[in-house]
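Visitor: Could you take me through this model by way of a few questions about its helices, charged pairs and surface?

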Amino acid sequence: MASPSNSSTALVSEFVLICFPNYQNWQHWLSLPLSLLFLLAMGANATFLIMIRLEASLHEPMYYLLSLLSLLDIVLCLTIIPKVLAIFWFELRSISFSACFLQMFIMNSFLTMESCTFMVMAYDRYVAICHPLLHPSIITDQFVSRAAIFIVARNALFSLPVPILSSRLRYCDESIIKNCICTNLSVSELSCDDITFSRLYQFVAGWTMLGSDFILIMLSYSFILKAVLRIKAEGAVAKALSTCGSHVILILFFSTVLLVLVITNLSRKRIPPDLPILLNILYHLIPPALNPIVYGVRTKEIKQGIQKLLRKL
């Protein structure tokens, strides 16, 4: 005779996303600023990619790395925000298993891809300042191509088990995700199986990749600072540091928002449960919207490229 638990278990075929379960009236107010941020992120990054493609003076390794960052931001935004806005505007809350776990994979892998891109950019700045004569021979187009392959392969490989482990769990009866997006934590807690290994793998793999990238970034900038402090020519220190300014600002955006998101998730019992959901959405919007603007404002070559692009239009 079948056990009661087995006979009453109905495996779900799709999930339902409930954004801000305690404050659903927020959705109408949030849809406008989120839409504007989304359009800003898409427009700024698309303009950035087109400009680098058309402007011959920007066909250099540093700008190729920036274009990779813009491409990652565009894919990440398109994976998350349209579904969020569809929920806000049209109440389209359901999401299929495959779409949910695909979204989970892209969120996990592209987050660490961006971190890895920042690490490669820090190495580029290290070589440019500490070994300027060797920079053209080390940071080449071939180096960028290999770095891009490494960035995609490493992070896709180590992030892939997260949605695979989560998709292999049994989801019984409960199909309502109290989130706007399919995060592993929100989805796996609906399972009627043991989720310890799934969450442990995400924690270890995620923080190993992010932690190693952060350590290498800090090492690069410690060497840069040490080299800059040795420079005695007037104005040379400010000029050397200015070449790193935009990169440092982007890293601060990335790491600060990530840190706030982690802290709020760890403090779920002490704060409103909808706050981490909002911060998670903003995390996928604010850095992508600001990254190209920061480089556009602070980099002379990019300013000139934008002006030339506008003249052609």
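The questions and answers below concern a predicted model.

Visitor: At what angle do helix α4 and helix α6 pack?

Guide: Two packed helices are described by the angle between their axes and the distance between the axes. For helix α4 (residues 97-130) and helix α6 (residues 141-159) the axes lie 8 Å apart, and the crossing is right-handed. The contacts include Phe 105, Met 113 and Tyr 123 in α4, which face a set in α6 that includes Phe 143, Phe 150 and Arg 154. The angle at which α4 and α6 pack is about 145°.

Visitor: How many residues apart in sequence are the parts tied together by Arg 154 and Asp 213?

Guide: Side chains of opposite charge can pair when their charged atoms come close. The side chains of Arg 154 and Asp 213 meet in a salt bridge, with a distance of 3.0 Å from N to O. Because Arg 154 lies in helix α6 and Asp 213 in helix α9, the pair ties together parts whose separation in sequence is 59 residues.

Visitor: Is Asp 213 buried or exposed?

Guide: The cut-off needed here is that buried means under 20% relative accessible area. Arg 154, the partner of Asp 213 in the salt bridge, counts as buried at 13% relative accessibility. Asp 213 has a relative accessible area of 1%, and is therefore buried.

Visitor: Where does Glu 189 lie in the pair that it forms with Arg 199?

Guide: The side chains of Glu 189 and Arg 199 meet in a salt bridge at 3.9 Å, N to O, and the pair links distant parts of the chain, ten residues apart. Glu 189 counts as partly exposed at 43% relative accessibility, and Arg 199 also counts as partly exposed, at 28%. Whereas Arg 199 is in helix α9, Glu 189 is in the loop between α8 (184-188) and α9.

Visitor: Which residues make the nonpolar surface patch of about 420 Å²?

Guide: One of its members, Phe 203, is found in helix α9 (residues 196-230). Exposed means over 50% relative accessible area, so Phe 203, with 54%, is exposed. The patch is made by Phe 203 together with Leu 200, Val 204 and Trp 207.

Visitor: Leaving aside neighbours within four places in sequence, which residues is Asn 280 in contact with?

Guide: Asn 280 lies in helix α11 (residues 274-283), and its relative accessible area of 12% is the reason why Asn 280 counts as buried. Once the neighbours within four places in sequence are left aside, the residues in contact with Asn 280 are Ile 181, Thr 183 and Leu 261.

Key: Residues numbered from 1 in each chain as written. Predicted model: local features only at pLDDT ≥ 70, side-chain atom pairs only at ≥ 80, totals over all residues. Heavy atoms only, no water. Patch = residues over 30% accessible without salt bridge, like charges linked within 9 Å, V, L, I, M, F, W, Y side chains within 5 Å. Areas by Shrake-Rupley, 256 points an atom, 1.4 Å probe, with all protein chains shown as cover. Salt bridge = Lys/Arg side-chain N within 4 Å of Asp/Glu carboxyl O. Helix = DSSP H or I, 4+ residues; strand = E, 2+ residues; numbered from the N terminus. Buried < 20%, exposed > 50% of the residue type's maximum accessible area, 1.4 Å probe, protein only. Axes fitted to C-alpha atoms, helices over the stretch in contact; angles between N-to-C directions. Left-handed = near helix turned anticlockwise from the far one by under 90°. Contact = heavy atoms within 4.5 Å.
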